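Here is a short report on a protein structure. Keep the sequence and the 3D view open as you read.

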Amino acid sequence: MTVRRKWAVIPGLFALAAVAVLLSAYQGAATRPDTIITDKGAWGYSAASSPQGRSPEQPIHFPHPTHVQTLGMNCLYCHYSANKSTDPGLPAVSTCMGCHLAIGPKRPAMGDRPAFESAELTKLQQYWNEKKPIPWVRIHHVPDYVNFPHMTHVNAGVTCQTCHGQVQQMTQVYQYASLNMGWCVNCHVGNVNPAWKARYDCSVCHY
Amino acid sequence: MQGIVGVFSDLDSTVDAIESLKKMRAGDITVYSPAPRHEIEHVIAKGPSPVRRFTLIGGLLGATFGYWIPIWVSDYWPLVVGGKPVPSWVPYTIISFELMVLIGSLATVLGLFVNSRFPRITMTVGYDPRFSDGEFGVWVECPPDRQREVSGTLQKFGAAEVRGEA
Amino acid sequence: MTENSAPSGVGRREFLKILGAGSAATAAIGCSSDRVERLIPYLTQPDETVPGVSTYYASTCRECSVGCGVLMETRDGRTFKLEGNPDHPLNRGALCARGQAAVQGLYNPDRYRGPMIRKDDKLVPATWTEALQLLSQKLGEAQSAGTAGNALFINKHESGSFPVFLDRWLADFGMPAHLSYDSLADHAVLAANRQSYGVSWPSLSFSAAKLIVSIGADFLENWGASVPQQLDFADARAKLEDAPRFVYIGPRRSLTGCNADQWIACKPGSELAIAKALAGGSVESAAEASGVPAATLESLQKELAGAGRSLVLAGGSGAGALDLALAVNALNRQLGNVGTTVLPDQPITSFEGIATDADLRAALERMRAGQVSLLMLRGVNPLFTMPRAARVPEAIRAVPFKVSFSSYPDETSELCDLVLPDHHPIESWGDAQPLAGVISLQQPGMDPVYDTRQTADVLIDLAKGNQRTAARYTAANYMRWLIENFPGGTAAFTAGLQKGITSGSLPRAAAPAHVSNAPQAPAIDDTKGDFYLVVYPSPTLGDGSGANKPWLQELPDPVTKICWQTWIEINQQTARKLGIDSGDILHVETDMGELEAPAYVYMGIQENTVAIAFGQGHTAYGRYAEGVGYNPGNLLPVSFDAASGSLAWTATRAKVTKGTTFAPLVTTEGSARQHGRGIARSIPVDELPHLEMEHEEHDMPGKPDQSYLPGLRSRMAADAMGEVGDSPSRFQKGMYDPEHWSGMAKRRWAMTIDLARCTGCSACVTACYAENNIPTVGAPYQTTHTAFLHGVPGSNILKGREMNWIRLERYWEGGEDGGEFEPRFVPMLCQHCGNAPCEPVCPVYATYHSPDGLNVQVYNRCVGTRYCSNNCPYKVRYFNWFGYGEPARPQYAWPERMNWQLNPDVTVRGKGVMEKCTFCVQRIRESEHRAKAEGREVKPDEFTTACAQACPSKAITFGDAADDEWSVARMAQDRRAYHVFHEQLNTYPAVVYLQKVTHPAPKSAAGA
Amino acid sequence: MATVVSPSPDSSPNIPSANIQLPAIQSYTQVNDEIIGTLRPTGKWFAGLGFAILCMLIGATAWTYQIYMGLGVAGYTPPVMWGVYIVTFVFWVGIGHAGTLISAILYLFRAGFRTTIYRCAEAMTVFAVMTAGLFPILHLGRPWKFFYLIPYPNWRLIWPQFKSPLVWDVFAILTYLTVSATFLYIGLVPDLAAMRDREKHPVRKQIYSVLSLGWRNSDREWRHFARAYLFLAAFSTPLVLSVHSVVSFDFAMSLVPGWHATLFAPYFVAGAIFSGIGMVFTIIIPVRRWFNLKKYVTINHLDAAAKLCLFTSLVVGTAYLVEFFIGWYSGSEFEHSYWWDRVFGQWWWAAWIMLLCNCVLPLTLFSQKLRRNTTWLFMLSIFINLGMWFERFVIFEPSLSHEFEPWQWTAYAPTYIDWAILLGSFGFFSMWFLLFIKNLPIIAISEVKEIVPPPVRAPHKVEGINVSGMHLEFEPETPGERD
């Protein structure tokens, strides 16, 4: 019966290969903005075709929820050029310090909360004192040959959450969408929201 | 299953043996020959092989698929190249043809496999290595009560060796 | 290996993102998406800059002494492109190749990183404090020793306040006024103009003339203010029927000569005789002196006399150059051109106060005699620009202490004891006075790239540090000083900065007292040698200062189309006689020295004359300049036109012998003949009235109102739009459907190129390199690991691998047998065909036709089968043979800091992908985005491509051919319009050429 | 199945035994003994294999370097964008065609002389197409992106462009490789069975059993086998014509002067078969000598094949003439210049090599003496291989270097990288072939058995049965051979 096994192994391999291809194939295109992916593999991958779900450690553990939900800050306060440039913009350290000069690392006791010292804010102060910019680790990345104009999308009414997920709820930000081409096109042809229908000609993004 | 196998060293006695065995309705006959001989085909007289149906269906499937895929793709993302119509059937004929040949011939092979029960993992009874060398074999599948007469017939036609197997 | 790993060299987005922290930018090298990338924010947000949005700072170009206005496109703290300032009266938005290449000077990898001090005969890096201490100590010594008077400051000539400031500073230190040196200036003409008109340079009105005669005046190259002259010349030629006829007289047919309708070859040194003849003197003697047929001269003389308004120009820099210039000025006056075509009342003031070559020589003599104790040099490289016979090194060595303010390690600064690298003009403050009453301001576009300091600031610091002078220097730095001394003060200054120019006049430095003890060049001795030697400054490299900028090195010489090389032009007939072929090594020898270089057999040069371009052959000056070509200055004697003090460039004859070896010419030219294929077409002016627009242009089937606009759309595409025959179904139309929701099909981007305007100056080529991140491939270091011709500069170009998306083809018509010949220039770029042959052969849709009429190339989709290029009749597709965009590869085209120039909007192509002209799609998309953000449609002529923007002839028009509001739609209807290869191949190109118009000699005159 | 046609008396050839029978083969067992007997690895064989692998490694090294540095290390000189690699690609595809011709087309034509050489030829086809298949990938700017050409559902949602001849190529080549490999394997099954039955070594026996699919020589198997074999042949016949037509479309479909010709498809097919037969000679002549198979591959078989070679050579020659004539006659400036450059331009000598090797030398085959002289046949076959490689070179390079745009005219010169990879391709091919000839029967055992007389007790006795091969009077050795 060794013969049988020998013979059976070949198509077996083929079958495996085919399955693998198909699995990786539609993964990206299939992700819809409403599916939240939270699994993070060892390499932070959920699929062969994109680093979706990747969530690296940041130099400063910046709590989006606190700023957005608790303090009700607008995304555009820090990402100030998202609605007027291809580049969303990052807050300058001075922007952080604008508030955090007043709100320092040392916190007095408030009501039932005891006094404590925030390690993160201490780091922030260090950067400010050393006049060093904060080396944030980039999460959402489209390759260099893709031109993604933020303002056009924002002005068209595509919310930040559509592509970046519910950042205001993420204690640590992760790559929400696969960001691969099928995912873009899926929205451009109007599958996600007919109102967002846009050109899907290659040269719209690639040049 | 059980039966008698006779080993013959020459063609015409094999043919004679088969003929009389058929007359006797001794049982299901399988002939082993080192090379295909139309004499044997003639005396066995079975109908045309069904492999051709596989070939036909495979070819047709291939041709259809070969037209469908490019046309569907062109329509799926309509990009104009060289000012040509988005789906244009003329060039797609080539794809169609190639896929017809490909899938057609694969289907033919499939037909061969299915019809002659390939791949066969174990040797069935009644086979003898000599049959791939120089000698002919006749395997008669028959109930024990008829085996004596069958082996008799085989010997009568000069079988070099006759043995029963089960 | 996901999709992310495709052709990106330097990460474009990293480049964008790394805002504050400079050098980190270069750490980002993209081949994998999942490496840890850093997003570096500003430390403190600068005002009014939005990341990813360009800011344009108006400034002044300092590449030559003319001083055109430029806009510095700056994004995220990097200036990455220079464009002409449209508001500037001088260059009206245009900019020459050399001006655009300034950014490559800014980011040049071989710039001094900081101050250098000579220690045991080597220049070693030092801190500014050390360096300044050393200098101030030397100054102190000089003052105390009383030898300050023997100091000498040689400055690159520039107009504006700095010379004044400098002289004042020198005076405060008890030093003599500085020497304002410009090796490219035509001192003879300047002197003559001062005599005749009282101004150095009257502005010239070509368009007012009916006949232009240039006697060796290359006004499209280095003669005077080339860009404004070219603008005006092109406008003049664009008047077609009433355009002036242009006759060029000279031993060599230069680029300017190639734009002439007639070239009259004369012996070098005989120009004066011809000028006299034209003024009515004896034709015979002139004919005999110059070797020009008397009939020709006579007819020209007649024509000139009868032309009415005309314009005669003198160039030439041999013995008696001044007399020639004076004679021509007199001729202009005699013809009544002064005031009509020559306008002394609107002078170009850029050249005021230039010291002559003779002055420099005198200075060198003083050095050699040990009368100079302290030498300071800024922006000049006499060791290279003066003939070797001037023995400059020895003179400089004779000076005890030499200070160089040069930004680059050039030949001269290598000899200095102290190097205080100056800012690049793009980093520094300043001003210029190009025209009377017009001030052009100069401001930094970005923070300094290296640890350099603006010389003026250094001087101020030195003055402050010196107790004697400190009192007089209250201004914090030169900018403050400028504002304080600015006419109109702060308000006027800041107001001026917005546009880059303002009205007013700056104080002018005292004109130098010209010394005139220079050795007068003898009339050329015909007995010595057998060839006249003509040395002319290269149109692309100027006096050699451009040699360290790869764009200029790679930009083929407009006439010979040779780059990365020195060549020897020799007349066709002569070459045939001597059995010389292009590429044969010639050995040129004069009393001064010898030189070996490959021959270029040229119809456009006087018999028994060899010409060599000046500008190559640097022994220092960085990786792009060193070891490339040879310096013909080594052949020249140090002799002058004493009267004007200008160095005699054509002063000697040379022995020319054919060498045994062969060196292929690094040229971009395949065949210089059109073989009757109608690529560059021209029409004599008298046939113009009978010219009908080509019939096939109207031959567009479909609705009557759909008459075929060039590049509008092809037959089949129109069919796909349901305009021809029976309307096809929706999915057959695809995005070509006019009703398609994307709305793209409404537009057809197209371009017209007016060959009557185009002078072949090639500024568009450099503009394209700058805008589209096109790699240069010819640098010596790029020839390693190429498996052929290791180490030969330009060997990649020998293999035809130059990447010029737009190239200037130069075809010869006639002249095979030494007769008259007509040069034709035609810029060739992707034609964006409606029926593009390249598209259907691509297996992966990497190139296809976008609904708005572009022939799109998708780099990241390209697998590199190169079939598209095979199938392109125009051969305008270029392939990345090596990893020009990949820093890890030896052929990387943007070594450290050069990559700061990369345009963030354009992908840097990796190896193995095809690329080509995109009609600057990034500009199209940008304006579309802008329009969308402002909730409007794109306005007609709102934007244009880089080539069209830069063109100093305004020959290129770009826009939407489907919308009559755009000027391109009107231009395309011109009767001179034609397509290349369309008749044969039915490609429906989107690029429309307008035929060149020639002006043959009038019959009457020709008959004489 | 190849029933044997006995030549009728009136059309007997001038050499008495110049028919395609195997007079020296007497029994089925002898066939098994002698053919399976050749499968004994020898020192010489290992040496040859080693050399082939060495060559392959040289090529592989060159390729690695090229992938790292970029295609620039090859001699490409724009606008000559396709160089030695595509030339070699077409060369190898062409080689493949003779194999299919011999095994399939001649099979349908019942040309008996194919029987003994077809296995060799078919194997040659498979390996040649494998080699050829490397080159399109190898000449890509970004080989690692080759999968873009393959249509499969992907997250880019974008597919290949099916109007492109290159995509047709992908389909044609892959189909061709699959079908000819299948054809070879199916033909091998009965022989594998025979080897299985003789094999003593347990492991090898096991392997043969798997490969032979449990073949038993039963009448039913033979019946279906015959059908399948027939249909495969019937498919391969149009396929072989289509494949090289498609390859020729890569050129004919473009508008390059000198490529854009309706002649190309038949022209290429003829050339392909011609070159293939050349390669068959190059392979079979040494093999039959080393393995002492002269009594199987008789001189008569070679004679017949040589006639085929002569015929295709004449077709190819005509194609050249037509091409040049049209180039001159068209009156189009573009056609003129390419034609002139092809014959008298930079590569004039290549053109003349081509004409000499492909048109002049094969004319010698009109002489029967030379047709039956294996030494000459072998030398000629080498010339033919050379000539056919240069044919492709002459078609591609001059046309590309002298296209529409005179400004971009250029000259082309390969670098050592090109040559190394060319060498590597030969190493790759030889490696596979050498492995084949020592592990699998290079002569189809079962098919040979069909044309040797079967063991019969008494000829003519059995009524209604025509036992074939009876007309032969045996001869000691194959007659008429000169070498």
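## A surface patch

Patches are made of residues with over 30% relative accessible area and no salt bridge; like charges are joined within 9 Å, and nonpolar side chains (Val, Leu, Ile, Met, Phe, Trp, Tyr) within 5 Å. A salt bridge is a side-chain nitrogen of Lys or Arg within 4 Å of a carboxyl oxygen of Asp or Glu. Areas come from the Shrake-Rupley method with a 1.4 Å probe; for residues, only the protein chains shown count as cover.

D:Val322, D:Phe325, D:Ile326, D:Trp328 and D:Tyr329 make a nonpolar patch of about 530 Å². D:Phe325 sits in helix α9 (residues 299–329) of chain D. Helices are DSSP runs (H or I, at least four residues), numbered from the N terminus. D:Phe325 counts as partly exposed because its relative accessibility is 41%; buried means under 20%, exposed over 50%, partly exposed in between (1.4 Å probe, protein chains only).

## About the model

This is a predicted model: local features need pLDDT of at least 70, side-chain atom pairs need 80 or more, and totals for chains, interfaces and linings use all residues. Residues are numbered from 1 along each chain, chains are lettered from A and ligands numbered from 1 as written, and side-chain values use heavy atoms, without hydrogens and water.

## A covered helix

Helix α5 (residues 161–172) of chain C has 12 residues. Its first and last C-alpha lie 17 Å apart, close to the expected 16 Å (1.5 Å times one less than the number of residues). In α5(C), 10 of the 12 residues are buried, including C:Phe162, C:Leu166 and C:Trp169. C:Gly174 follows α5(C), with a positive phi near 70°.

Conventions: Helices (H or I, at least four residues) and strands (E, at least two) are DSSP runs, numbered from the N terminus.
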